[in-house]
Amino acid sequence: MNFIPYGRQEITAEDIEAVVGVLKSDYLTQGPAIESFEKAVCLEAGASHAIACSNGTAALHLACMAAGLQAGDSVVVPPITFVASANCARYVGANILFADIDPTTLTMSPLACRKVLEQAVANKKPVRAVVTVDLAGHPCDMQAFSQLKQEFGFIWIQDACHSIGATWEDNQGIRWKVGECPDPDMTVFSFHPVKHITTGEGGMVLTQSDQLAHKLRQLRSHGITRESAEFVNQTEAFADDGSPNPWYYEMQQLGYNYRMTDIQAALGESQLHRLAAGIVRRREIMAAYHARLNRHPHVSFPDVAESVGHAYHLAIVLIDFASVGKTRALLMNHLKHAGIGTQVHYIPIPLMPYYAAMADINEFPESIAYYRRALSLPCFPQMSDADVARVCSVIEVTLT
Ligand SMILES: Cc1ncc(COP(=O)(O)O)c(C=O)c1O
């Protein structure tokens, strides 16, 4: 009996060939595969710039640094997300303010965010940045956050680690791809193996801003520039005849080594060709879960906003365990014994001991209510219809 994890990568012969091609080439890192992958993602997502880096967390950290966030700044984050969405702001010394989720779509509630923004203004310490999260692949309420950004003037970082390939339609009927809209200052993808496309570890920041792209590229590689037009130390940078010294480079700000390798980029670009087909299959899998499990009186699914083309990184089901009279642990263990992996996305961040002193979980009733019922079922393109049926059968048997 094959084990069905909640998510897994697919590596094809073409992927392997692409990676081997780089291994046989002159550059394992800082070569042409990075630029090629960045261009391909720009084209796919409709962004002007894409900055590949070592993982999604590094991408979020770079976004916070490029945004100029500093110690003491306030950053709003939803409680239901992976800890990296908040950690990135902590890396630069910012304070986290949480805004509860919308119980229907599970993304940050614009209304809850507005309250936090207004309170911050009243406290004479306006919020510097908001990190929205497209949980499970459902874009947050993009128009509502665009409106809030206009009103409150924060930097908007869209954590789209779950939503590459998702779309949404604005109220003029224009359909946008995640990464295309200029309202978020930066949009971040992750290429971890459970995500839609993988580079082993990897991430990317997308932006429409030339200025931010420039900063992000510099910060990704130690804060160093090799562009002679940017050199500050003229005496060291240039020879007497005014030509740039051939060895010279300049570190202008404190950056990191957050680079992606060419090996990873080649894998990512090869995987990108299958993104759209993968999302089609994920939607079929989710539809099959709906059709079968929705019949159970205590099982439901999060809503999908009418305007949204969901990418289904995760197949989240909501189970009223209290009414069923069975625990989530029991169901997860039954599934595990039947060779099926599941997970909970996510434990609310304010419940994490590191964050507990910074926020009171009782202030986020929607997040807690969601967390009590959430379970992520297996969802990845290679799953067969029989795999989906097997998952449903174990759930049905356990819940009755
Ligand atoms: C919502 C979200 N943000 C950020 C990250 C961090 O990405 P990475 O694992 O590539 O560092 C993840 C990864 O799981 C995530 O799910």
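Two strands are taken as paired if DSSP finds at least two bridges between them. Helices (H or I, at least four residues) and strands (E, at least two) are DSSP runs, numbered from the N terminus. The views below show a predicted model, in which local features need pLDDT of at least 70 and side-chain atom pairs count only at pLDDT 80 or more, whereas totals for chains, interfaces and linings use all residues. Residues are numbered from 1 along each chain as its sequence is written.

**View A. The sheet β7-β6-β13.** Three strands form an open sheet in the order β7-β6-β13, with antiparallel pairing. The edge strands are β7 (175–177) and β13 (308–309), each of which pairs on one side only. Between β6 and β7 the antiparallel pairing runs over three bridges. W168 has W176 of β7 as its bridge partner.

View B. Strand β14 (residues 315–319) pairs with β12 in the antiparallel sense over two bridges. Opposite S300 stands L318 in β14. Strands of a sheet pair through backbone hydrogen bonds, either parallel or antiparallel.

**View C. The contact between the two domains.** The domain assignment, whose bounds come from an automatic or database source, divides the protein chain into domain 1 (13–272) and domain 2 (275–399). Their C-alpha centres lie 27 Å apart. Domain 1 and domain 2 each bring 31 residues to the contact, where two residues are in contact if their C-beta atoms, placed from the backbone, lie within 7 Å. On the side of domain 1 that touches domain 2, the elements giving two or more residues are β3 (95–98) and β6 (167–169). Of these, β6 gives the most, with three residues. By class, this side of domain 1 has 17 nonpolar, 10 polar and four charged residues. Ala, Val, Leu, Ile, Met, Phe, Trp, Tyr, Cys and Pro count as nonpolar, Asp, Glu, Lys and Arg as charged, and the others, Gly among them, as polar.

**View D. The crossing of α10 and α15.** Helix α10 (residues 275–293) and helix α15 (residues 385–399) have axes that come within 10 Å and cross at roughly 35 degrees. Axes are lines fitted to C-alpha atoms, for helices over the stretch in contact, and angles run from 0 to 180 degrees between N-to-C directions. The crossing of α10 with α15 is right-handed, the near helix being turned clockwise from the far one by less than a right angle. From α10, the residues I285, A288, Y289, R292 and L293 meet D385, V388, C392 and I395 of α15. This contact comprises seven nonpolar, no polar and two charged residues.

**View F. Backbone geometry in two loops.** Most residues other than glycine have a negative phi, and most peptide bonds are trans. Q30, although not a glycine, has a positive phi of about 55 degrees. This residue, Q30, lies in the loop between α1 (13–23) and α2 (32–45). H345 and Y346 are joined by a cis peptide bond, with omega about 5 degrees. Y346 is placed in the loop between α12 (328–337) and α13 (353–356).
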